[in-house]
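Work through the two exercises below with the model in view, and compare each solution with your own reading of the coordinates.

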Amino acid sequence: MSKRILLLLTAIIFCKLGFSKDAYNISITIKGFKNRNFYLGYYYGDKQYLRDSAKTDINGKMVFKGSKPLEGGVYLIATAEKSLLFDF
């Protein structure tokens, strides 16, 4: 019985390690914005902070990826000129 539990726990740990390569992976498409840089930011109190950056492809698709999880809260997408586009 204990060998089965140990085997199950080992399998769970390996599965967890295998799926945790990207703690976050946010894909966004904005038509009309090709080959442009954008920022992923967040709010903390009354201030805004940048967390990540991405560049759109020719179709306007960008992907933000990171190895550390994002904390709960309201996030934003801003242009390279740091102009707010939208919150989510």
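**Exercise 1: a charged pair**

Glutamate 81 is exposed, with a relative accessible area of 58%, where exposed means over 50%, buried under 20% and partly exposed in between (1.4 Å probe, protein chains only). The model is predicted, so local features need pLDDT of at least 70 and side-chain atom pairs count only at pLDDT 80 or more, while totals for chains, interfaces and linings use all residues. Residues are numbered from 1 along each chain as its sequence is written, and side-chain values use heavy atoms, with hydrogens and water left out.

Task: find which residue forms a salt bridge with glutamate 81.

Solution. A salt bridge requires a side-chain nitrogen of Lys or Arg within 4 Å of a carboxyl oxygen of Asp or Glu. The partner is arginine 36, the closest N and O atoms being 3.6 Å apart. Arginine 36 lies in the loop between β1 (24-29) and β2 (37-44), and glutamate 81 in the loop between β5 (75-79) and β6 (84-87), so the pair ties together parts that are 45 residues apart in sequence; strands here are DSSP runs (E, at least two residues), numbered from the N terminus. Arginine 36 is partly exposed, at a relative accessible area of 30%.

**Exercise 2: the sheet**

Solution. Strands pair if DSSP finds at least two bridges between them. Five bridges join β2 to the antiparallel β5, and the bridge partner of leucine 40 in β5 is isoleucine 77.

Key: Helix = DSSP H or I, 4+ residues; strand = E, 2+ residues; numbered from the N terminus.
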